[in-house]
Number of protein chains: 2
Amino acid sequence: MDSYQKLIAHFKEYRLLESIGAIAGWDQHTYMPPKGANHRAAQMGYLAKLGHEKLTSPRIGELLGELAPPSPPAPLPQGERGGSLPPHPQPLSPGGEKGDEAVNVREIRRAYERAVKVPGTLVEEIAKTTSQAQNVWAEARKQNDFPSFAPWLEKIVALKREEAAAVGYKDSPYDALLDEYEPGATAAEITRVFAELRADLVPLVGAIAESGKRPRKDILTREFAVDRQHIFGQAAAAAIGFDFQAGRLDTTVHPFCSGIGPGDCRLTTRYHPREFNQGFWGILHEAGHGIYEQGLDPEHFGTPCGSFASLGIHESQSRLWENQVGRGRPFWEHFFPRLKQTFPGTLDDVTLDDFLFAANKVEKSFIRVEADEATYNMHIILRFDMEQALMTGDLKPSDVPGAWSERFKAMLDQTPPDDTQGCLQDIHWSMGGLGYFPTYTLGNLYAAQFIQQARKDLGDLDADFRIGRFERLKGWLNEKVHRPGQRYRAGELCQRVTGSALSHKPLIAYLRGKYEALYNI
Amino acid sequence: MDSYQKLIAHFKEYRLLESIGAIAGWDQHTYMPPKGANHRAAQMGYLAKLGHEKLTSPRIGELLGELAPPSPPAPLPQGERGGSLPPHPQPLSPGGEKGDEAVNVREIRRAYERAVKVPGTLVEEIAKTTSQAQNVWAEARKQNDFPSFAPWLEKIVALKREEAAAVGYKDSPYDALLDEYEPGATAAEITRVFAELRADLVPLVGAIAESGKRPRKDILTREFAVDRQHIFGQAAAAAIGFDFQAGRLDTTVHPFCSGIGPGDCRLTTRYHPREFNQGFWGILHEAGHGIYEQGLDPEHFGTPCGSFASLGIHESQSRLWENQVGRGRPFWEHFFPRLKQTFPGTLDDVTLDDFLFAANKVEKSFIRVEADEATYNMHIILRFDMEQALMTGDLKPSDVPGAWSERFKAMLDQTPPDDTQGCLQDIHWSMGGLGYFPTYTLGNLYAAQFIQQARKDLGDLDADFRIGRFERLKGWLNEKVHRPGQRYRAGELCQRVTGSALSHKPLIAYLRGKYEALYNI
C-alpha cells in the first residue's frame, strides 16, 4: 500500500467506529430501556475516545506529511540529496484538486487538524456528559423542570467553550463550533445572510397577519390514529424514494435521521393522534435526510468523497422534500385522495384547497418543529443569537428561560407558557450541538435555490408530482448534490449546481409565490 | 494504580467492546434492514478484531506476570537481589483463592491464554464469515435450500477446525470448542453423562408412548392473537422477576437473550398466531436467561466476578423458569384464569387439567425448540454426535442433510420432511457455535438439581407460585447462582449449591414424577 492507501485505510477505521457509535446512538433514542442509560454513556464515551484516538493518531500526521502538503515545498538546492528531509510527496492520481484523492486528502487533513487541537479527555468528557444530559433533558422536558437541566447545560456550555478555545477562532468562540457543522461558515457571515432574509420575511409575515384570511383550524387536529399515520407516512417516504430495504422508520422523542452506513439508514419520528402535522411532515423531512444518506456513493463509504458536504446541505435535502415538494398542490393532488382512504370518514368535508391552506398555515407559535416555513426561520434566529451569547458568556445558562421568553416576545410577540414549550423543547443543547441550529435556515435557503434550478433543468416537475412520481427529481439530486460527497464546500456546491452564490432570494420568491396566492396579498 | 487495577481496567475495555458488539448483534437480529447486512458484517468483524487485540495484548501478559503466577516461583538464593528478575509478584487481597482478586486474575489468565493461541486474522475471518452466513442461513431456512448454505457451513467448519488446532486439545478437536462454552468440560465426560440420562430417558419416553394416553391436540393451536400473546408473555416475564425498566422484549427469527450490560438486557422471541407454545414458553425461557443477566453484580461488570459461570449454568436458569416453574400446576393455578381473560372465549371449554396435560405433552417431533422436556434431550444428543463428526471430518458438511435424516430416524423413528424442519432449523452453526448444543441438556440437568435444592432450602415454593409470587425463588437464585459470577466453575458451583456433583437423577426424578401422573404409568 502506498501512503494514500494507508491513509484511507486508517481513516476508514475511524469512520467505522463512528458508524458503530451510530447504532448505539440510534438504539439509545429508540429502544434502550431507561436503566441502561449509565452503561450506554460508558459505551458511547469509550467509542468516542477510540474514534478520537484514531483520528488524532500521529500516523495520520505522518501519512499526510508524505502526501501533497498544504503549501508546495521549496525546491531542493541543485545537487543536494536530502538525507534527513522528508520523502518527496507522492503525486496524487489524475483529477486535479477535485479528483477523488485530492479531495480525500484535503478533507482528512482538515478533520485531523481540527481534531488534534482538542484533547482526548475533553472529547470523552463531552461524550459522557451529553449522553447522560440527554436523559436528564428528556425527563426535564416531560416535567417542565428547567432547574434539573440547568447544571447540565452549564457543564455543556463550559465544555464547548473549552473546545472552542482549543480549536481556536478569530472573532467569536461560536465560529469554532459552527465550523464543525458548516465548514468555512462564520457567525458574521450568517448574521448578514439572516439579516437579509429577515428584512424580506418580516413584511411578508406581517402582510399575512394583516390579510385576515385564516385556514380552518380543525383539519389537521382531528383524530388520526397513530398506526395509520405510520402506514401513510411510510408509504409517502417510500414513494419519494427512501429505500426501506436499506432503512427503517421508528419512533423517538426528538426525531432524527441516522445513516449507519451503506444499506442502513434509520429514520425516526413522533406521532400525536391529533396532530397530523408532526408525524407526516416530520417523516418527509427525515426521509429527505435519508435519501441524501442513501444517495452517497457506497464505494466511497468511510472517505470524504462518500460523506455529506455539510449540515446545511443535509438540511436542504430534508426541507426540499418536506416543504418545497411535500406541502405543494401537485404532491397533494396525488396524495390527498389516498389520505382520505387511509382515514375513512375523517376528511369527508374537506376539499383539497381547504387541506392545502391548512397545511400551509402561517402562524406565530412556540414549537420550532411545528412552525410553518416562514416563521420557522425566526425560531432559528432566536437560537442563533442565544447560542452566541452563551458562548461569549453574555448569557448565563441559568438565565436561559428568562432570556428565551424575552427574545421570543420581542420577535414573535408571545410568551411561552412554560419551558417545555420554550427553552426545553429541543434536544440539541443536551447533545452539545451548539452551532447546529443556523444550519436549519441555511438548509431552507439551499433547498429553495436547488429546486429552482431543478425546475429549470428538468422542465415540468409538477406534472411528475401530480401522478406520484418523484424519480426525476430524486435522480437529479442524487447526481448534482448527493454523489459529489465532500468534493465541494457548501457554498461552492451551490454555485456549481445553480450557477449562483447562496442567496435569500429563491426562498423569499418561493414563499411569496405561495402565500400571496393563499392569503390574497 | 497497581498491577491488579491496571489488569482490571484493561480487561474492562475488552468487555466494553464486547458489550458494544452486543448492541450491534441484537440490532442485526431484530431491526436491521436487509441491505445493511454487508456493512454490519464489517462492523462486527472490526469490533471482534479490536476485542481480540485487546484480550491478546502483550500488556495483559505482562500484568499477569506481575501478579500471582500459575505456579509459585522458586525462592531466590540467599543474598541475591535479582536485578534482571521479574518484580516480586504482588500479593492478592484477602479472600484466598475464591477472593474477588484471585478469581478475576485466574479467569482473565484463562481467557488470555486461550485467546493468544488464536491468530487475530482467524478471529476476524470467523466473525465476518458468520455474520454473513447468518443472513444466508435465514434465507436458506425460509426457502428450504440447504445447498445455498452448504458452502458457508463448510467454510465455518474449516475455520472452527483451524481454531481448535490453534487452541490445542488432548483427545478430540471438539474439546477445544466445548471449553469455550463450558470451561473444563470434555466430550468424553458429556458422552458419559448423556449416556446415563439416555438410559433412563428412553424407557420413560417408551412408557409414555405405550400408555396410549394423549392430551387434546387443539388446545395450544387455537387462534392466539400475536399482540395478546405479547402482552401476556411480557406480563408473565415481569411476574417471575424480569425487570422491564432494565430490559426489553422484541421479535426475531431465532430467539435469544443478550445482556448488553448493567441495566440493559434484551429478550427476543417469535410468535405464531396458532402456536401458543412457541411464544409463551419461549419468553419464559429467555426471561430466565435475562434474570440471570440482571442478577449479576453490576459493581463487578466487565470482570469475571460479574460474569456468568458457563453456558450450562446460564441455560439452567432459562430451563428452570420455562419448565420446572412455567409448566407446573402451581404456576398455572395462578396464570390460567388470566390466560382465559386475555383470550376471551378461546379456552372456555378447557379445564386447568386439560391445559396442563397439553402443556406437558410428550411427542416425538422435528423441531428442537418446540420439543417437550423429555425428547428435547434426544435432539441435543443428535446434534452433539453430528458436531463431533463434523469436527473430526467423519462427516462432510454437504452430507449433513442425509446424515441428519438417518440419525433422526434411528433415534426418534421419523424422517424430517425437509431441511427447514431438519438441519436448517437452528441458527447455531451459521453463528459458528459448534460445541454449544450440549450446554442445553447440561442446563436441563443443572436446573433440576438446583430447584430440588431450592425446595429443600425454602420449603413450600408451590404455595408461592399458586398466588403468582416468585420473589423467594428468584432471591435464592440471585444469591446462590447469579451473584457468585465466575467464582466457581459449573461443576463446583453445583456441588457447592446442592451438596452433590452433577447427576442425571434429579432431572429423571422430576420427569418421572410429572409424566407418571399425567400418563398413568
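Among contacts in chain A between residues at least 6 apart in sequence, 72% join residues at least 24 apart, two residues being in contact if their C-beta atoms, placed from the backbone, lie within 7 Å. The model is predicted: local features need pLDDT of at least 70 and side-chain atom pairs count only at pLDDT 80 or more, while totals for chains, interfaces and linings use all residues. Residues are numbered from 1 along each chain as its sequence is written, and chains are lettered from A and ligands numbered from 1 in the order in which they are written.

Chain A contains 20 helices and three strands; helices (H or I, at least four residues) and strands (E, at least two) are DSSP runs, numbered from the N terminus. Taken along the principal axes, the box filled by the C-alpha atoms of chain A is roughly 90 × 55 × 45 Å. The radius of gyration of chain A is 24 Å, which agrees with the value near 24 Å for a compact globule with 521 residues; the radius is taken over C-alpha atoms, and the globule rule is 2.2 Å times the number of residues to the power 0.38. Of the 521 residues of chain A, 46% count as buried. A residue is buried if 20 or more other C-beta atoms lie within 10 Å of its own, exposed if 12 or fewer, and partly exposed in between, with C-beta atoms placed from the backbone.

Packed helix pairs are considered next. Two packed helices are described by the angle between their axes and the distance between the axes. Axes are lines fitted to C-alpha atoms, for helices over the stretch in contact, and angles run from 0 to 180 degrees between N-to-C directions. In chain A, the axes of helix α8 (residues 187-211) and helix α14 (residues 376-392) cross at roughly 150° and come within 11 Å. The angle makes α8(A) roughly antiparallel to α14(A); angles under 35 degrees count as roughly parallel, over 145 as roughly antiparallel, 65 to 115 as roughly perpendicular and the rest as oblique. On the α8(A) side the contact is made by A:A187, A:F194, A:L197, A:R198 and A:L201, and on the α14(A) side by A:N377, A:I381, A:F384 and A:Q388. Six nonpolar, two polar and one charged residue make up this contact of α8(A) with α14(A). In this classification, Ala, Val, Leu, Ile, Met, Phe, Trp, Tyr, Cys and Pro count as nonpolar, Asp, Glu, Lys and Arg as charged, and the others, Gly among them, as polar.

Helix α9 (residues 226-240) of chain A and α10(A) have axes that come within 9 Å and cross at roughly 30°. The two helices α9(A) and α10(A) are therefore roughly parallel to each other, and α9(A) passes α10(A) in a right-handed crossing. Residues A:Q229, A:G233, A:A236, A:A237 and A:I240 of α9(A) meet A:G279, A:F280, A:I283, A:L284 and A:A287 of α10(A). The contact of α9(A) with α10(A) has seven nonpolar, three polar and no charged residues.

A:I283 counts as buried, with 30 C-beta neighbours inside 10 Å. Apart from its neighbours within four places in sequence, A:I283 is in contact with A:G233, A:A236, A:A237, A:L249, A:L267 and A:T269. A:Y181, in helix α7 (residues 173-181) of chain A, is also buried, with 20 other C-beta atoms within 10 Å. The C-alpha atoms of A:Y181 and A:G433 are separated by 9.2 Å, the two residues being 252 residues apart along the chain. Beyond four places in sequence, A:Y181 is in contact with A:S310, A:L311, A:G435, A:Y436 and A:T439.

In chain B, the axes of helix α16 (residues 438-458) and α20(B) come within 7 Å and cross at roughly 80°. This makes α16(B) roughly perpendicular to α20(B). The contact of α16(B) with α20(B) has five nonpolar, three polar and no charged residues.

Most residues other than glycine have a negative phi. A:D413, in the loop between α15 (400-412) and α16 (438-458) of chain A, has a positive phi near 60° and is exposed, with 9 other C-beta atoms within 10 Å. B:N520 has a positive phi of about 55° and lies in the segment after α20 (505-518) of chain B.

Between the chains, 28 residues of chain B are in contact with 28 residues of chain A. On the side of chain B that touches chain A, α1 (3-30), α2 (37-55), β1 (247-251) and β2 (257-261) each supply at least two residues.

Notes
Left-handed = near helix turned anticlockwise from the far one by under 90°.
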